Amino acid sequence: MKKAIYPGSFDPITNGHLDIIKRAACLFGEVLVAVISNPEKKPFFSLNERLKMVKEAVHGVKNIKVDFFDGLLVDYAQSAKASSIIRGLRAVSDFDYEFQMALTNRQLSPNLETVFLMTDYKYSYLSSSIVKQIARLKGDISGLVPKNVAKILKKI
Ligand code: ADP
């Protein structure tokens with residue numbers, strides 16, 4: 001059974017992330033959504049808040065597990081016995097960074113393959129940052145994030 005890791009900040013999880021998770025779940029025996037505990041990006045939501053939102057959003061989708069990690073992704077992937085890393089691609093703008101990360105991870109761990117999945121076009125403009133901006137300005141974020149996340153964002 002092939003196991004894949006989908007790492008990210010998920011600050012917060014959006015429908016774009018969920019789209020990638022569901023696509024990956026059709027391709028792999030198990031998908032481990034791994035929330036980066038202390039990303040350099042200085043997340044708006046705490047690790048516990050981000051984890052809780054992801055867990056609630058994927059509840060009921062079988063073969064998906066949720067965890068968090070600190071440190072090098074390749075080390076975590078090895079300890080979790082995963083053979084692939086999943087990353088989502090939205091637009092060409094994602095490519096440079098993702099290409100660099102994938103090749104760096106290959107250098108660090110040659111057997112760990114990075115697999116890119118393309119999002120549905122309707123989520124191709126969507127990011128956690130834009131969702132937070134809209135929420136702060138009291139815009140309508142339903143349709144962009146799972147219901148549990150929308151509830152929380154309405155309070156920020
Ligand atoms: P990171 O800080 O690792 O970039 P993110 O939570 O921002 O974490 O993103 C995790 C992964 O999900 C990345 O591969 C990113 O390109 C992808 N992603 C983010 N938003 C979308 C979206 N709307 N559609 C598809 N993939 C996305």
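Are Phe69 and Tyr76 buried or exposed? Both Phe69 and Tyr76 are buried, where buried means under 20% relative accessible area, exposed means over 50%, and partly exposed is in between, with a 1.4 Å probe and protein chains only.

Hello everyone, and a word on ground rules before we go on. This is a predicted model, in which local features need pLDDT of at least 70, side-chain atom pairs count only at pLDDT 80 or more, and totals for chains, interfaces and linings use all residues. Residues are numbered from 1 along each chain as its sequence is written, and side-chain values use heavy atoms, with hydrogens and water left out.

Let's start with the rings. A pair of aromatic rings is described by the distance of the centres and the angle of the planes. Here, rings of Phe, Tyr and Trp (its six-membered ring) pair if their centres lie within 6.5 Å; planes under 30 degrees apart are stacked, over 60 edge-to-face, and the rest tilted. That rule gives four aromatic pairs. In one of them, Phe44 and Phe45 have ring centres 4.9 Å apart and planes at 90°, so this pair is edge-to-face. Phe45 is buried at 4% relative accessibility, while Phe44 is partly exposed at 41%.

Now please turn to helix α2. Helices (H or I, at least four residues) and strands (E, at least two) are DSSP runs, numbered from the N terminus. Helix α2 covers residues 47-58, twelve residues in total, and spans 17 Å from first C-alpha to last, close to the expected 16 Å; that expectation is 1.5 Å times one less than the number of residues. Which residues of α2 are buried? They are Arg50, Leu51, Met53, Val54, Ala57 and Val58. These cover an arc of only 165° around the axis, which puts them on the same side of α2; the arc is taken from the directions from the helix axis to the C-beta atoms. Asn48 and Lys52 are exposed on the other side of α2. The buried residues pack against α1 (15-27), β2 (30-36), β3 (64-69) and α6 (147-153), with contact meaning heavy atoms within 4.5 Å. After α2 comes Gly60, with a positive phi near 95°.

Finally, charges. A salt bridge needs a side-chain nitrogen of Lys or Arg within 4 Å of a carboxyl oxygen of Asp or Glu, and the count is ten. One of these joins Lys3 and Glu30, with the closest N and O atoms 3.8 Å apart. Lys3 is in strand β1 (residues 3-8) and Glu30 in strand β2, so the bridge ties together parts 27 residues apart in sequence. Lys3 is buried at 18%, and Glu30 is buried at 10%.

Another salt bridge, 2.9 Å from N to O, links Asp11 and Lys132. Asp11 sits in the loop between β1 and α1 and Lys132 in helix α5 (residues 128-136), so this pair ties together parts 121 residues apart in sequence. Asp11 is buried at 7%, and Lys132 is buried at 11%.

I'll end on a network of salt bridges linking Asp19, Arg23, Asp120 and Lys122. Within this group, Arg23 meets Asp120 at 4.0 Å, N to O.
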